[in-house]
Amino acid sequence: MIAAAALLAGPAPLRTPANAGILRLPDAGPAATPTAPGRPATQPGPARTPAGTVPGATPPGTRPPVVDHGPRTGNKVALTFDADMTDAMRYQLRSGAVRSYANLKIIDLLEREQVPATFFLTGKWVEQYPAVTRRLAANPRFELANHTYGHLAFTPDCYGLPRIAEREMTADVARTFDVVAAYGGRQTRYFRFPGLCHDRKALAALAPLGLTVVDGDVVSGDPFAKSWRPVVRAALDGVRPGSVIVLHVTEANAPMTDEALPHILAGLAERGLEPAPLSEVLGAG
Ligand SMILES: [Zn+2]
């Protein structure tokens, strides 16, 4: 089921419930203008992906693979940005205590410098920021991935996050794919657990969905950072070819990330490392 809120929140997303899915519509662009009836089934998917396949897709019914990084060859690394949104965060926004959980300075910089990146979106963040989501989907260098619907904990103890019931896990993640799919762009079947917290039960719950779990091997520690320096240090210290760097685009909850990012990009360049979409770093493309 596609999220009604996303459909009602502004200019139409790129898809209708009937064709919500994973391949890009022909000529689907940033304006989200419906295109003339065409041949969507025969259109190629996102660049570098074989037609008919989606990065991260795995056979439904099997326990999803958990990936930390790609092959340690070449010079590609993935910048991944999580877009968390909990009910508590929404309350902070509504009450005016917080201005924004969407760090547009990060997106501005990535666009200006033409840097590829992958965004792990929660469904509630997408519903809060439909225009920003459209902007992400419209960028051919950005991939979109799944970070649950409301950023609940999928294990008993996960940084104090409220816990999702086991019987609701599958539907929560499926719903998030639907919410994100409505925006088109470079869709994937990559998924990241809140707090990277998962166990056997959580992985088993996601088996029907045919996805790949992506943790990451370089955790920047940017949430609630007081200075950009430790974020830069953490991001660059362990980075190697194939690395997946975990960052956040949540502004108020990761207020130093936009200041850290230029230094991270410079440090990667010094090391001869080049940001690439996650699918390329993991070797799926
Ligand atoms: Zn998160």
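User: How many bridges join strand S2 to S3?
Analyst: This is a predicted model, where local features need pLDDT of at least 70, side-chain atom pairs count only at pLDDT 80 or more, and totals for chains, interfaces and linings use all residues. Residues are numbered from 1 along each chain as its sequence is written. Strands (E, at least two residues) and helices (H or I, at least four) are DSSP runs numbered from the N terminus, and two strands pair if DSSP finds at least two bridges between them. S2 (residues 76-83) and S3 run parallel, and the bridges joining them number four.

User: Which residue in S8 stands opposite Asp 82?
Analyst: S2 also runs parallel to S8, joined by five bridges. Asp 82 belongs to this pairing too, and the residue opposite in S8 is His 248.

User: In S9, which residue is the bridge partner of Lys 76?
Analyst: S2 and S9 pair in the parallel sense, over two bridges. Lys 76 has as its partner in S9 Glu 274.

User: How many residues of S2 are buried?
Analyst: A residue is buried if 20 or more other C-beta atoms lie within 10 Å of its own, exposed if 12 or fewer, and partly exposed in between; C-beta atoms are placed from the backbone. Lys 76, Ala 78, Thr 80 and Asp 82 point one way from S2, while Val 77, Leu 79, Phe 81 and Ala 83 point the other way. All of them are buried. For S2, that makes eight of eight.

User: Which residue in S4 is the bridge partner of Thr 118?
Analyst: S3 (residues 117-121) is mostly covered, with five of its five residues buried. Ala 117, Phe 119 and Leu 121 point one way from S3, and Thr 118 and Phe 120 the other way. S3 runs parallel to S4 (residues 142-146), joined by five bridges. The partner of Thr 118 in S4 is Glu 143.

User: Why do the buried residues of H9 lie on the same side?
Analyst: H9 (residues 257-270) has the buried residues Thr 257, Ala 260, Leu 261, Ile 264 and Leu 268. The arc is taken from the directions between the helix axis and the C-beta atoms. These residues are on the same side of H9 because they cover an arc of only 110 degrees.

User: Which exposed residues does the face of H9 turned away from its buried side carry?
Analyst: The buried residues of H9 pack against S2, H3, H8, S8 and S9. The face turned away from them carries Ala 266, Ala 269 and Glu 270.

User: Is Val 98 exposed, partly exposed or buried?
Analyst: Val 98 is found in the loop between H2 and H3. It touches Gln 92, Leu 93 and Ala 252, not counting residues up to four places away in sequence. With 16 other C-beta atoms within 10 Å, Val 98 is partly exposed.

User: Over which residues does pLDDT stay under 50?
Analyst: pLDDT is the predictor's confidence in each residue, from 0 to 100. Its mean for the protein is 86, and 81% of residues reach 70 or more. Where pLDDT is low, the predicted coordinates should not be read in detail. The stretch with pLDDT under 50 is residues 1-49.

Terms used
Contact = placed C-beta atoms within 7 Å.
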